[in-house]
Amino acid sequence: MSKQNKFVKDMTQGTPWKLLLQFAVPLFIGNIFQQLYNMVDSIIVGNYVSSNALGAIGTTNSLHFFFFSLVGGLSVGIGIIVAQFFGAENEEKVKDTIGNAIWIVTAGSIIMALIGFFAARQVLILLDTDPVILEDAVAYLKVTSIGICCMGLYNGVSSILRALGDSKTPLFFLIFASIVNVVLDFVFVLAFDWGVVGVAVATAFAQFLSAITCIIYAYKSNTYFRLKKQNFKLQVAIFKKSLRLGIPVALQNSLIAFSLIVLQRVVNSYGANFTTAFTVVTRIETLIQQPFMSLGAAMSTYTGQNLGAGKVKRVIKGFNSANVLNTIFALVVIAVFWLFTPQIVSIFGDDSHVLKIAVDGLRITSCFYLFLGLIYPTRNVLNGAGDAMFSLFTGIVECIGRVGLAYPLTLIPFLGSYGVFYATGLTWLLNGLFSLVRYKRGKWKTINLVKLNNEPADIDESAQADSYA
């Protein structure tokens, strides 16, 4: 197989920490631009529409994540299979997986887009969304749900590219789409006065551009995307592997989203001002998580390729390097947030009551960033190894943490509404430690999706099912 293709990266050779950084940096830049969609939406709405409109956007975050979770999980599963076939030097199986991925991701995206669109109002009412922001929230969620089709295609292609070691190609088109998004935000909000609908349309159109341009360029420039008719034939083995890996990740995301929805309901009960402040904290923290997420994604590809090649010790070295890098970043961010939080949150508006809550909330959650940084490399080593069922267990842990802690903590007199911020931090602590225990037990070392003789191998399900407690 041609690993010398300039659009792929063989991570089975070279210094682990250098490979991880080389992979993670373009991905981090891409993630920053991707988050720019939501960040710009929030800044423009908060400054040029109203604080209530900002709260309307914020109250849909967890719901949109929930509706997209199936597609995201399937993309992760497909990427794991591609990475291990690549590491095992089985080019034809890489192409077969890509061909099957088109059917799987497209169908999943359409289904979830329809569910999100038609269930928007009913779910927001069920979550006790403040009537002041309900109509804006419904309109925003409906439009962004349609955009799931575009998000699914982009995430599917970029997941495959990352599995092949290419974190740069998706970046270029994401930057272009982000610029378009910013321009259209101003046009639709300031010139057309479309309010939250305007920023939603701008985001959906930008996602459409990033998906289409990335697909076209991948086909023209990357030899692994030059598929033949037989590569599009649905293969039961690949389909089952994709579901076996993707569904647990999707369920994990769904459980995390459900826990966020429950948390959002608790937040909504404190009124529009607190909802808006919580939105500000969430937006900033989503941005801060990008380095952790980028290094985690690098760890997943690194793990998949090296286990496909039978190099377990290289995976351990990479895991240790990733945790050192995340710890350094977490400590720096904690210091910055405790010194400059008022200046940071002020970019979202000038409502003093909202900003006071946001400052306090951000300082509380920042104390748990070390555990947040631990989650991503640990979880992604396990995912990259094919230990997919554990993803479901981490989702359960996160769900128990948020659902079980959010409301009870708010009942403590000296915490009150701030209990929701402590619930978030304690959930990160539980999830980080739980994932680390699973990693230390070493079951992931016995799982391999492919044999070294280039023939597909079944996942060791007995290894996956053992010792989760």
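Helices here are DSSP runs of H or I with at least four residues, numbered from the N terminus.

You are looking at a predicted model, where local features need pLDDT of at least 70, side-chain atom pairs count only at pLDDT 80 or more, and totals for chains, interfaces and linings use all residues. Residues are numbered from 1 along each chain as its sequence is written, and side-chain values use heavy atoms, with hydrogens and water left out.

**Stop 1: H4 and H6.** Two packed helices are described by the angle between their axes and the distance between the axes. For H4 (residues 91-126) and H6 (residues 148-163), the axes come within 8 Å and cross at roughly 155°. Axes are lines fitted to C-alpha atoms over the stretch in contact, and angles run from 0 to 180 degrees between N-to-C directions. H4 is therefore roughly antiparallel to H6 (over 145 degrees; under 35 counts as roughly parallel). Now show the side chains: the contact (heavy atoms within 4.5 Å) includes Ile98, Ala101 and Val105 of H4 and Gly152, Leu153 and Gly156 of H6. By class, this contact has 10 nonpolar, 4 polar and no charged residues. Ala, Val, Leu, Ile, Met, Phe, Trp, Tyr, Cys and Pro count as nonpolar, Asp, Glu, Lys and Arg as charged, and the others, Gly among them, as polar.

**Stop 2: the largest pocket.** Next, select Ile98, Ile102, Val157, Ile215 and Phe225, the closest to the centre of the largest pocket among its 16 lining residues. H4, H6 and helix H8 (196-221) each give two or more residues to this lining, which divides into 13 nonpolar, 3 polar and no charged residues.

**Stop 3: H11 and H13.** Move on to H11 (residues 312-345) and H13 (residues 369-385), which pack at an angle of about 155° with their axes 8 Å apart. That makes H11 roughly antiparallel to H13. Among the contact residues are Phe319, Asn323 and Phe337 of H11, with Tyr369, Pro377 and Val381 of H13. The contact divides into 13 nonpolar, 5 polar and no charged residues.

**Stop 4: H9 and H14.** How do H9 and H14 run relative to each other, roughly parallel or roughly antiparallel? Select residues 236-268 for H9 and 388-410 for H14: the axes come within 7 Å and cross at roughly 5°. The two helices are therefore roughly parallel. Their contact has 19 nonpolar, 6 polar and 3 charged residues.

Terms used: Parallel < 35°, antiparallel > 145°, perpendicular 65-115°, else oblique. 1 Å grid on protein atoms, 1.4 Å probe; cavity = no way out; pocket = protein on both sides within 12 Å on 5 of 7 lines; lining within 4 Å.
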